[in-house]
Each structure stands twice: as C-alpha cells, then as structure tokens.
Amino acid sequence: MTGTTVGARAPRLTLRRRRQLAGALFALPAVALVAGLIAVPIGQAIYYSFTQWDGLTSTWIGPSTWTQAFHNPNLWTALENNAWLLLAVPFALGLPLLIAMLLHQRVIGWKIFRSIYFLPTAISWVVLGLVAERFFAFQGTLNSLLHFFGLTHVNTNMLGYESTALSALGITFVFTMIGTNTMLFLTGLATLDTSLEEAARIDGAGRWRIFRHITLPHLSRFIQLAFVMTVIALFSALFSLIFVMTGGGPGYATTTMEFLIYQTGFAQGDFGTAALYGLILFVLTAIVGIVQLRLIGSDE
Amino acid sequence: MSLDTPPVAPEVPADRRARARRVGRGALFLVMIGVAVVMLYPFWVMIVDSLKSENQFLSGHGFSWASWRTLTSTIPIAQEVVSSTIICAVSILLILLVGLPAGFAFAKLRFRASGVIFLAIVSAMMVPLQAILMPEFVNITRLGLTGGYTGAVLVYAALGTPFSVFLFATYFRGVPDELIEAGIVDGLGYVGALWRLVVPIAIPAIATVTVLQFIQIWDDLLVGLLFIQNTSERPITVGLAVLAAGRTTSIPALMAGSLVSALPAMIVYLIFQRYLVKGLTMGIDR
Amino acid sequence: MAEITFHGVTKVFAGNVTAVDNLDLHVADGEFMVLVGPSGCGKTTALRMLAGLEEISAGTLSIGGRVVNHVLPKDRDVAMVFQNYALYPHMTVAQNMGFALKIRGESKAEVERKVREAAAILRLGEYLDRRPRALSGGQRQRVAMGRAIVRSPQAFLMDEPLSNLDAQLRVEMRVEIARIQRLLGVATVYVTHDQIEAMTMGDRVAVMRGGQLQQVAPPQVLYDHPANEFVAGFMGSPPMNLVRARTSPSRGGVGLAVGDQRLDVPGAYGASHDLPREEGAEVVLGVRPEDIDVVGSDVSGPTLKTRVERREALGAEILVHLSVADAGAASSVAYDEDVAVSRPTMLVARMAPQARVEVGDVLMVRLNEERLHFFDGTRGVTLRRGGA
Ligand SMILES: Nc1ncnc2c1ncn2[C@@H]1O[C@H](COP(=O)(O)OP(=O)(O)O)[C@@H](O)[C@H]1O
Ligand SMILES: [Mg+2]
C-alpha cells in the first residue's frame, strides 16, 4: 500500500483529464489520416485552382482561372450530362421499391430471390460495365431481344452514337443501383409494424391506400437515404462504368464531371483546371451530403 | 390488376377468393423469376461468353474451354488477384486499427471539441475522391508512395475511415458505460478496456466494416489505376479495366477474368449478407 | 478490509448541480451500510466517488485510513456491483469472475481456485462455462456478486443490485447478499431507493435527500426515532401518517387541533416533547399505521373521530383509509413534497383482518400516545426534549 499522502495530493492528471487525454490519443490516428489525405487536399485544391499547374510547378494566376473554366464548353457539357443522368434517379429508386414490395410479400423462395437480386451488388462496376457493353453492342443482347420481338430490321448501337450513349450509361447505372436500394427498402419494410397494416385492412383500407398512407410514409427515411446515396453515386461512382464502356465518348457525350476531372488532369496534364473542376464536384456533392448528414443527425 | 379493393368486401364465395389468391401468388412468383433473370444476366453473359474461343465468339457458334485455358497467359490473373488481396487486407486492417480506437474515443471518452471533430470526420464521408484527386495524386507521388501498394492502401484507408469511425461510434454508444467502468474498477486502463472489452463486443460492427470495405476496395478502379505505378502490382479490377479500355483483348478472355474477379466478392457477400445490410442502414433503422 | 470515511465530501456537476452536499459518513470495518433515498438524491454519485469513477469536488474520502481522492479506481481495491450487472458478454461466468485477478497477474491456478471458491459460496458451480446471455436474471446477479467476491477487496460497493429482479427473487437475493456479506465481513456500501431493502439488510442505514444526509442509524432506530419528517415518511410501508396540527395548550398538558377536532395528548407525555407552548403554533403530528386502534367513544386520551373511506385487504392485514371528520380546513402532508396539498386529513390504519370495518363507518380511533411523533411545522425536524 502506498502512503497516505499519495492519494491526498492532486496528481498531474485528474480522472477527467486522463479520460480526455486517452480519448484524444485514440482519435488521433483517424484524425491525422482524414486530415492528411482528405482535408489538406481540399485546401490544396482551392490553392491550385488559382494556378497554372502541371503537377510539378505551379504559377499563380488568380481568379481568372475560374472565369476561364466557366467559359470552357467541356465543363458545361459535363454538367449537362450529369443533369441528364439525374433523370435515371426516379428509376433507380422506383424499380427497387417495387422489387422490395414484391419480396416483402414473402412468396415461397423469397429468400433465394433476395440473394439473387442482391448478387450484382458484390460485382465491380468495371465488370458490370463490361457486361453492359456486351448488352448494348451491335451484336449484343439488346439487338437479339429486339429481333426476337419481331423488330428484325432494327439494329441499335447505343454506345456508338452521341444521341444514345448517355441513355445507355443511365440504364446501366439504374441496373447497378437496384441491389443496394432494394436492400435498403427491404430493411425499411422489415421494420414496418405489420399490425398497422392489419389494422388498416380491418378498417377496410384497400392495398393502394395502405401503401400510400402507411407503407410509404414509413419508408420515407429510407427513401431519402436511398435518394442521397443514389445521387452521390451518380456524381462520383460512374467512373468505372465510363472508363470501360465509353471512355467518355463518343465525343464528350458521356463525359461527366468526375470523368472530366480525370481527363483534364491525366490526359491533358492540366492539373490546375482539374483541381478546379474537383472543387465544383465537391460543392455539388456537399449540397447532397448536407441533406444526408441531416438524415443521420436527426437520429441522435 | 386492381390494387384498390372496395372498403367492404362483397360476398365472394370462400373458395373463389382462395383461388384468386392462389392465382395472384402464382403471377407474383412469375414476376419474381423475371426479375431474377434480369439480375442474373451479367453472370449468364460472363459464363457463356467466356466459354468460347475468340473465333467462336465472333461467329456466334460453339463452345470451348479455350479462353479459360489461355487465361493466365492473356491476363496476369494470379498476380492481380494476389495484389488485390494484399491491398484489401492491409487497407481493412488499417481502417480497423484506426477506426476502432477513434470510435471508442468519440462514443465514450468525450474530450475537448470531440463533437466537432467527430462531425468533421463524418462529413469527410461525403467527399468523393475525384474532388481531391489532383492534389492527392501529386502528394502521394511526391512522397514516392506510388511504387508499391502503400499509396493505394493509404488512400483506401483514408476513404474508409470516416464511415468506420461513424459506424463504430454509433455501435459503441449502445454499449453501457457501466461495462467499461466495471473493467476500470477491475483494473483496466483505457487501452485495456478498448482491446479486451470493447473490441470483442464489437465483432458484428467489425464484420460490417470489413465486408463493406472489402467489396468497396476489391471492386474499385480509380485508386488502383492512379496510385499504383507498376503494372506488375496492379489489382485485378484495374487489370481488367485497362485491357477492356484498350479494346485489343478478346472478349471471352475478359469475361473469364471478370468471373474470376467477381467470385471472391460474391462469396464474401453471400456469407456476410446480413452485415452488409446492417452497415448500409446504419443510423436509420432502429 | 477496511473502514470508509466520507469527510465533507461534495460533488458539484457541471451546470452547478450539487449532487452530494457535504457528506459526512463513517462505515466501520465489516459493516453493512445502506444508502437510501429517493431517486436523484445523490446515492449513486456518492458511490461512484468512492469507486473512483467520479471526481470529488470537495472534502476527503478515505478507505482504510488512506485518503483516496486522487487514487485511480484500480488502486483503490474496491469491488463494485452495478445495477445492470455490467457482465462482460463475451466471457464465460468463470472468465467474468476471474478477470480482475487475471489483470492483476495472478497465476492461472490461483485464479481458478478463487473462482471455484466464490462459485461455491454463490452456488454458481454448474454455470461456470456459460456466457451471461444464457443465464437468468438471478444468476446474472450472482455472477456480478461473484466478480466482486473473488477479489477479496477492501470494500463492496453495490448500486441497486436487486432493482432488475422480480419481486420474489428480490426477497431471496436480499437474504443471500446479507448472508454473504456477513460471511465475508467486508465493509459494504449498498445503495437502494427501496426502504424495505434498507430496513432488512443494513447494519446501519443512511438516509439521503437532495444530496444531503438526513440521518444515519440502525434500521429500528430510524423507524422508531426518525430525525425528521422526511425520514419518518420515507421509512415504513405504508408510510407514517403525517398530519398538520396546531397547538392549543391547556391544563398543563398539550392539546392539538387537528382540523376542527381537538386531540388530547396526556400532559406527562406531551411535556417530554419540545412542543411550542404558545397557542396556534404549527406542528406536524406523525403516527404509524400500526399505532391507530379503533375504540369506543368514551375513551380518553388522543382520540379522533373518523370515517372509513377505503378498505384494502392484504390478506394478513387490512389497511383502512380514514378521513378525519372535519370541515375541510386541515390538510395532510405528503412526505416527499415540500408543498402540502390541501385535502381532507387522511390516516391509514393497519388492522387485523378480522376487524369489522366497512366503507362509510364512522369510527372513533385512538392514537398510541407512546409512539407519537412531532415535527416542527416549518423545518420538519423532530421536536424532542433534549434535542437530536
Ligand atoms: N454526470 C452527471 N452530470 C450532471 N448531473 C448529474 C450527473 N450524474 C448525476 N447527476 C445529477 O446528480 C443528482 C444525483 O444523481 P444520482 O447520484 O444518480 O442519484 P441517485 O442515484 O440517488 O438516484 C441528480 O440530480 C442527477 O441529475
Ligand atoms: Mg442511482
């Protein structure tokens, strides 16, 4: 046993201080990693967006880089492409909602169906892009299907034309999102109190009414989350698909913001402009991200 | 099919209603099979196309193992799978090593400004790599980390850390304070409490992070493409994407390679499905 | 094993909540001390300061003569039993119990021996390889006890360890914990809000309210001689009847006006209390339910005319709720409230089940004059000649 004085004298660290110090030390590696590889680059991007930069040397130019960038038609094409792709979002949410409702009916074998529906979620979008390319190709599945349904003289090549390539990309995107969103909605449905539905049915409510007034409101948080995740994926996860399916073409037909950044930086070596584009993308996703934080935050 | 039934069900004979129900269920089943066909389509394409030689593929007739037999000479698949595995394993290990203490700290060891810092880290979840791609690339290159796996691993770890910190913190908030206090009264320090009490309890959360990150990293293209310089250290997704973009490699070989690359993630996914769902809906399903 | 001393111990939480206010308390070696009081009165905080889980704002706290204000929990050598047991879910019963010893670096054989010993005392032998999840509430409670016992600590600290058990098990474990504590002779501080646990388990009981210690005494002393109105009302079930009254001294004795009735307290006895002599001073009269008897109308002494409002048969006894026949001016005092609600004066009397009383009956009752309590009308302290 230590002497009586030891416990009486205040130590260098009080209990609370000890806890706080431990907390700070435990958090430090994560903070350092995120600060060094995410926060600092954001700052750098802001700086470099005002410079002429090739990755090695940078010369300060000033705000004119921004006015120049906004006069670049490629930026507007990319933004426009992203905007058009937003049209895919309702499908990327609606189809999974429908599929989740089907699974929720729990017909025989629904668990197997569930596993099958989610399976593509595990596959790389690189691979899905390769498959999609096969689907849309001149000798691909799409044309076979059209021929099968009697449209023998139709021969599409959606990825080959500026007018249709973006649609093909959008369709592929919808397919890739089905698994994740279905999973979200099914989880949402599982938390739905069935006694509510039963009570409504006893009250004489029809299926549509039950869906509209009970199921849908209950799912609203899940739908919001799915919406945000889908939009963010749309802005920042199409790279793999574009890389293998179109390379951004034909022309700039499938060049979205994220692909434009890659091209500007690595094909044209214009690092400064690419950093600037990155900031624009950052702002776009931040807007959606704030909505997402609201969703998560409202839980605490 | 009308979804709207009248408020008061008319007098329908019981057996007729039962039959209508059976027909409805049957129709439902057919629709579900239809959806299954669509969702299995990628696998069907990969399997069928990979079972052709290049000539068979072009002519559209016949099957053979030719592409599989020559796969290792067309694509350095074994080495790519090894690369992918190493990158995944080390990145996930790093994410866990960094995320677990941080999650514990934010949930249980509140320190000065910990709330704000937590919020900042969670916000980083929303930053897409493309937004900071140029500075990141230059930084990692300048540090000379694109030579081996280090650069890619660091970037993956940084991108995965915010979510894992968020998930662990949320999970640990559900652990009663008393459990940790019991450990402290029993003689543990905070490090001991973390590794001997908190981590063993967090196995489900660890599984969730591991599975999600495994699929994420295994399937990723961008980081591997830019942050690994040597072609001999390329992960499999990058290898496939580069060959595909080059448009010189035969489709059947690519499809065979794709199948090989898809297999590990699919197996992990099928085994750990429920952790995946848990991770996705973290924070909104209670 | 050691004695525990709180000397002026105070805890002020951020936001200026004084959870424990200048607490002086001495727990003798081997003593079973119960800390009791309503929820939020600072019991848990006092215990957590003792365990080292909460910092002490002022005062000194010593265990075995050593001041422990700044000693880390692990160096205090105390064992704590938590309300929710806080068993380590990933460890077996044996691992749970042996964990503290393992951390201290005791040999495997030694740990195993001590765990077996404790398990024998707690009759947990056959569950040693189970995990907490596979145990019933009572068994988990025992494991939590076991975790404390194996360490042979200087003191046991228990925070409402029985509150998560159902009523029957609670009675069983009450006996069990008291038995084990006596067997081991380790100083114990036991926190509860349940006055029955306090009465049945403690060598001495410390009653707290709003962070302040009200009275420390053996259970029976608390019951018979509460230091104030709060303690009087808190201990006992149903609680002591507390009735507002006014003094009306006469003929050398003490008279009390209860509502519009006059209650005679025979002179000799009244003198032994320090009741105010002036006319109309406000006092609170306390009488336990078992000290009220039905009598005929011709009996002298402290009698009141009442009406039966409610009758609760509990099997072994009945509780009769009586309203003091009255114009409605008087009010009773609720023990846990500072503001008395104005309502007809009610008394609860405990009677034998044979007592033939029905709702609506008008009864003359006599209060046991040997066991009347008087409290100051404003401060609530017991009025007793010779103070304290
Ligand atoms: N960590 C804390 N921060 C602020 N106030 C607290 C804290 N813990 C307890 N209190 C307050 O201190 C008082 C006493 O609490 P506690 O000791 O838990 O009471 P008991 O155990 O007797 O129910 C309460 O008013 C409570 O709200
Ligand atoms: Mg308490």
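## Salt bridges, interfaces and enclosed spaces

The side chains of K114(C) and E110(C) are joined by a salt bridge, with N and O 4.0 Å apart. The two residues belong to one helix, α3 (residues 108–122) of chain C, where K114(C) and E110(C) are four residues apart, or about one turn of the helix. This pair comes from a predicted model, and over all chains of the whole structure a search finds 25 salt bridges.

| Salt bridge | Closest N and O atoms |
|---|---|
| R151(C) with D186(B) | 3.3 Å |
| R134(A) with D49(B) | 3.2 Å |

**Chain A with chain B**

At this interface, 96 residues of chain A are in contact with 98 residues of chain B. The two chains bury about 8400 Å² between them, and carbon and sulfur atoms account for 76% of that area. In chain A, the residues that lose the most area to chain B are F26(A), L37(A) and R134(A), which together make up 8% of what that side buries. R134(A) is also the partner of D49(B) in a salt bridge, and the rule finds one salt bridge across this interface. Residue pairs in polar contact between chain A and chain B, with both residues at pLDDT 80 or more, number 10. On the side of chain A that touches chain B, α2(A) gives the most, with 20 residues, and by class that side has 61 nonpolar, 24 polar and 11 charged residues.

**Chain C with chain B**

Here 21 residues of chain C are in contact with 15 residues of chain B, and the area buried between these chains is about 1600 Å², of which 66% comes from carbon and sulfur atoms. Y88(C), H90(C) and I103(C) supply 29% of the area that chain C buries against chain B, more than any other three residues. The rule finds two salt bridges across this interface, including the one that R151(C) forms with D186(B), and it finds seven residue pairs in polar contact, both residues being at pLDDT 80 or more. On the side of chain C that touches chain B, the elements giving two or more residues are β6 (78–81) and α2 (93–103) of chain C, and α2(C) gives the most, with four residues. The residues of that side divide into 14 nonpolar, two polar and five charged.

**Enclosed and open spaces**

Over the whole structure, a search finds four cavities of 30 Å³ or more. The largest cavity has a volume of about 1500 Å³ and is lined by 42 residues, among which I232(A), A233(A), S236(A), A237(A) and Q216(B) lie nearest its centre. Elements of chain A and chain B each give two or more residues to this lining, including α11 (207–236) of chain A and α11 (203–219) of chain B. By class, the lining of the largest cavity has 28 nonpolar, 12 polar and two charged residues.

The second largest pocket holds about 890 Å³ of space. Its lining has 29 residues, with R16(A), R19(A), R48(C), L53(C) and E54(C) lying nearest the centre. The elements that give two or more residues to this lining are α2 (15–48) of chain A, α5 (77–108) and α9 (177–185) of chain B, and β1 (4–13) of chain C. By class, the lining of the second largest pocket has 14 nonpolar, three polar and 12 charged residues.

Methods: Residues numbered from 1 in each chain as written. Chains lettered and ligands numbered in written order. Predicted model: local features only at pLDDT ≥ 70, side-chain atom pairs only at ≥ 80, totals over all residues. Heavy atoms only, no water. 1 Å grid on protein atoms, 1.4 Å probe; cavity = no way out; pocket = protein on both sides within 12 Å on 5 of 7 lines; lining within 4 Å. Points joined across faces, edges and corners; volume = space filled by probe spheres on them. Nonpolar A, V, L, I, M, F, W, Y, C, P; charged D, E, K, R; others polar. Contact = heavy atoms within 4.5 Å. Buried area = accessible area lost by both parts, 1.4 Å probe. Polar contact = N/O pair within 3.5 Å; in protein donor to acceptor, adjacent residues only side chain to side chain.
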